[in-house]
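My notes follow the structure.

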Amino acid sequence: MARETVFKDQSKLSPDYIPETLVHRDEEFRELSRLFKPVFENKASQRVLVTGSVGVGKTTLALKFGQELEQAAKRRDFKLDYIHVNCRKQRTPHMVVRKLAEHYLPRLPRRGLAPQEILEDVVKQLNTHDAYLVLALDELDYFVSRNGPDLLYSFTRAAEETGAPGRISIIATSRNPNFLRLLDEATKSTFMHNKIELDKYNAQQLADILKDRVKVAFKMDTVREDTIGLVSETAAQTGDARFALELLWVAGRIADQEGIQEVSPEHARGAKAHVFPGIRKEVLKDLRKHEILLLLALSRHLKISEQAYALTGEVEDAYNVVCEEYEEEARKHTQVWEYLKRLSDLGIIETQPSGEEHRGKSQKISIPDAPVEMLEEELEKILGKLEKSGSVEIP
Ligand SMILES: Nc1ncnc2c1ncn2[C@@H]1O[C@H](COP(=O)(O)OP(=O)(O)OP(=O)(O)O)[C@@H](O)[C@H]1O
Ligand SMILES: [Mg+2]
């Protein structure tokens with residue numbers, strides 16, 4: 001006999017799922033449409049920046065808008081592609097440009113070509129087909145702080161040098177607009193003028209988002225109204241829809257485990273112990289093995305010491321112990337610094353100079369956004385899966 005479940009379709013709760021409708025973002029959607037009018041009407045390019053804190057719908061807004069753009073273009077017999085690049089995953093200029101090349105130049109050998117050259121070929125291709133590209137550079141802040149702004153300039157240059165300045169438009173997203181200071185005045189001011197800020201969701205908005213999703217993910221009448229209320233109130237502290245959806249998902253799984261056909265507030269309270277806001281599981285999953293080992297070492301050290309910070313030397317000692325446990329050869333000091341830098345770029349850890357003359361340049365390292373005990377558990381799980389299969393899946 002099949003096991004009873006509260007779910008109709010769990011995939012509708014996964015972070016990869018793009019919802020049918022974007023609840024409570026009509027105004028922002030219209031603003032984007034307004035900004036993109038010149039692309040259709042005057043064949044001019046546009047640059048827009050979407051900002052807002054974690055889980056407020058930046059990525060989803062860009063994706064939904066991209067779908068709409070492509071449909072609108074089709075209706076008008078206008079060749080336009082929307083391509084979405086996640087700059088945290090596609091973390092070098094080569095990787096970003098390769099995404100474009102896969103789409104526009106699938107048969108061309110591009111070994112040894114510089115990103116700028118590939119871009120020029122892409123623009124030529126656009127010219128030949130009288131086509132337009134809207135490129136979403138999701139989490140651009142991460143990319144710019146890592147690589148500098150050159151790639152952004154390359155888009156302008158490639159378009160201008162091939163005599164087609166209007167071919168490439170950009171929708172950038174970023175949690176924090178601070179990265180703009182790394183750009184030149186002209187680019188910075190374009191983004192500043194075309195900035196769409198997504199506010200955090202309040203409890204009511206989160207409840208509406210959850211209700212909309214419950215319809216497609218859960219069976220009829222399995223999720224209690226007061227459960228949605230409690231989850232929304234909890235997630236409203238950060239205004240994060242991803243957190244709200246994950247809480248509800250885990251609450252549903254707990255109900256299933258108990259064999260109960262109704263998701264109750266008690267299940268939601270239980271879910272809180274398994275879900276943490278702030279750090280995304282997908283981000284952890286994308287880390288390389290030694291970054292995970294290092295983060296695990298840091299979590300354990302912070303848990304045991306009960307301090308807010310750990311010093312670089314302490315983290316390295318803990319890392320050596322963890323490496324031994326997992327039978328991995330510990331990487332050298334300079335490499336460990338690299339890992340710390342990446343974890344910090346990803347916003348998982350925070351580093352600041354320790355102010356003390358410990359061993360050379362020491363830093364104070366903290367994990368501001370997640371309870372270290374939960375993080376430890378999650379990292380151990382990921383490492384366990386890595387051991388087994390060499391790759392990981394979510395969740
Ligand atoms: N208005 C909304 N309506 C329906 N679902 C939403 C809405 N806003 C966000 N979500 C859902 O919440 C989750 C987080 O949204 P999204 O990934 O777009 O946030 P984000 O702002 O890009 O977050 P991050 O800063 O972590 O990248 C997704 O699963 C998305 O489907
Ligand atoms: Mg996002």
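I am working with a predicted model, in which local features need pLDDT of at least 70 and side-chain atom pairs count only at pLDDT 80 or more, while totals for chains, interfaces and linings use all residues. I number residues from 1 along each chain as its sequence is written, chains are lettered from A and ligands numbered from 1 in the order written, and side-chain values use heavy atoms, leaving out hydrogens and water.

I looked up nonpolar cores (sets of buried Ala, Val, Leu, Ile, Met, Phe, Trp, Tyr and Cys residues joined through side-chain atoms within 4.5 Å). The largest has 38 residues, and Leu284, Leu295, Leu298, Ile348, Ile349 and Ile367 have the most contacts inside it. Helices, taken as DSSP runs of H or I with at least four residues and numbered from the N terminus, supply much of my next entry: α12, α13, α14, α15 and α16 each give at least two residues to this core, with the largest share, eight residues, coming from α13. Apart from it I found another core of 34 residues, including Val96 and Ile170.

From UniProt, I noted an unreviewed "binding site" entry listing Val56, Gly57, Lys58, Thr59, Thr60, Tyr201 and Arg213; such annotations may be inferred rather than shown by experiment.

I find Val56 in the loop between β1 and α2, buried at 1% relative accessible area (buried is under 20%, exposed over 50%, partly exposed in between, with a 1.4 Å probe and protein chains only). Thr60 lies in helix α2 and is partly exposed, at 22%.
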